[in-house]
Amino acid sequence: MERTIQAPFTKETAESLKAGDYVYIDGIIYTARDAAHKRMIETLDEGKELPVEIKDTVIYYMGPSPAREGRVIGSAGPTTSSRMDKYTPRLLDLGMGAMIGKGKRSKEVTEAIVRNKAVYFAAVGGAGAILSKCIKESRVISYDDLGTEAIRELRVEHFPVIVVIDSKGNNLYETAVKEYSEE
């Protein structure tokens with residue numbers, strides 16, 4: 001199935017998505033990588049508020065390259081998601097709606113996705129220059145000292161992703177291998 005969704009999005013939207021669906025995202029998403037995730041968890045541990053409203057938010061695991069002249073952002077490809085696995089269940093329990101990255105996720109992350117009716121999307125690795133064309137605005141909103149790992153707010157249009165783990169725990173990486181090996 002192919003469809004366009006608005007970000008941020010509701011749990012009902014997340015529940016309507018199935019592993020293997022092709023999705024285009026329009027709206028506001030945020031970037032955060034390892035260092036930003038670590039700092040967000042430290043912020044929570046200190047009893048302080050996060051720099052972004054996490055409920056229903058889509059976090060893109062990406063650190064852009066510098067923008068060329070006339071461009072909003074440089075290459076904007078996904079980074080390996082498993083590096084955020086130790087932080088992700090807590091953010092999902094706070095209401096994060098989805099993540100965009102590449103690669104497999106841990107059992108704990110999958111359980112937290114199901115528990116919170118969230119979604120894990122994959123963006124195509126190696127296609128950062130193409131993906132950057134879907135980013136219409138970019139601004140650092142927090143942790144500027146982290147450079148490319150700062151939290152950015154992105155306004156995206158027709159940003160292409162694939163549902164890898166849906167809100168019921170169906171995992172495209174597992175089902176695709178099974179389907180392929182049965183042929």
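Phenylalanine 121 is buried, with a relative accessible area of 0%. Buried means under 20% relative accessible area, exposed over 50% and partly exposed in between, with a 1.4 Å probe and protein chains only. The model is predicted: local features need pLDDT of at least 70, side-chain atom pairs count only at pLDDT 80 or more, and totals for chains, interfaces and linings use all residues. Residues are numbered from 1 along each chain as its sequence is written, and side-chain values use heavy atoms, with hydrogens and water left out.

A pair of aromatic rings is described by the distance of the centres and the angle of the planes. Here rings of Phe, Tyr and Trp (its six-membered ring) pair if their centres lie within 6.5 Å; planes under 30 degrees apart count as stacked, over 60 as edge-to-face and the rest as tilted. By this rule there are two aromatic pairs. Phenylalanine 9 and phenylalanine 121 form an edge-to-face pair, because their ring centres are 6.3 Å apart and their planes stand at 75°. The pair links distant parts of the chain, 112 residues apart: phenylalanine 9 is in the loop between strand E1 (2-7) and helix H1 (11-16), phenylalanine 121 in strand E5 (residues 119-122). Helices (H or I, at least four residues) and strands (E, at least two) are DSSP runs, numbered from the N terminus. Phenylalanine 9 is buried, with a relative accessible area of 4%.

The rings of tyrosine 60 and phenylalanine 159 have centres 5.3 Å apart and planes at 70°, so this pair is edge-to-face. Tyrosine 60 belongs to strand E3 (residues 58-60) and phenylalanine 159 to strand E7 (residues 151-165), so the pair ties together parts 99 residues apart in sequence. Both tyrosine 60 and phenylalanine 159 are buried.

Proline 160 also lies in strand E7. Proline 160 is partly exposed, at a relative accessible area of 32%. Its C-alpha atom is separated by 7.3 Å from that of tyrosine 22, 138 residues apart along the chain. Leaving aside neighbours within four places in sequence, proline 160 is in contact with Val23, Tyr24, Ala123, Leu131 and Cys134. Contact means heavy atoms within 4.5 Å.

Serine 167 sits in the loop between E7 and helix H6 (172-182). Serine 167 is buried, at 5% relative accessibility. Beyond neighbours within four places in sequence, its contacts include Ala14, Glu15 and Lys117.

Now the backbone. Most residues other than glycine have a negative phi, and most peptide bonds are trans. Lysine 117 has a positive phi of about 55° although it is not a glycine. Lysine 117 lies in the loop between helix H4 (107-116) and E5, and is partly exposed at 35% relative accessibility. Tyrosine 143 has a positive phi of about 60°, again without being a glycine. Tyrosine 143 is in the loop between strand E6 (135-142) and E7. The charged end of arginine 39 sits over the ring of tyrosine 143, 5.0 Å from its centre. A charge sits over a ring if NZ of Lys or CZ of Arg is within 6 Å of the ring centre and within 35 degrees of the ring normal. A cis peptide bond joins alanine 7 and proline 8, with omega about 0°.
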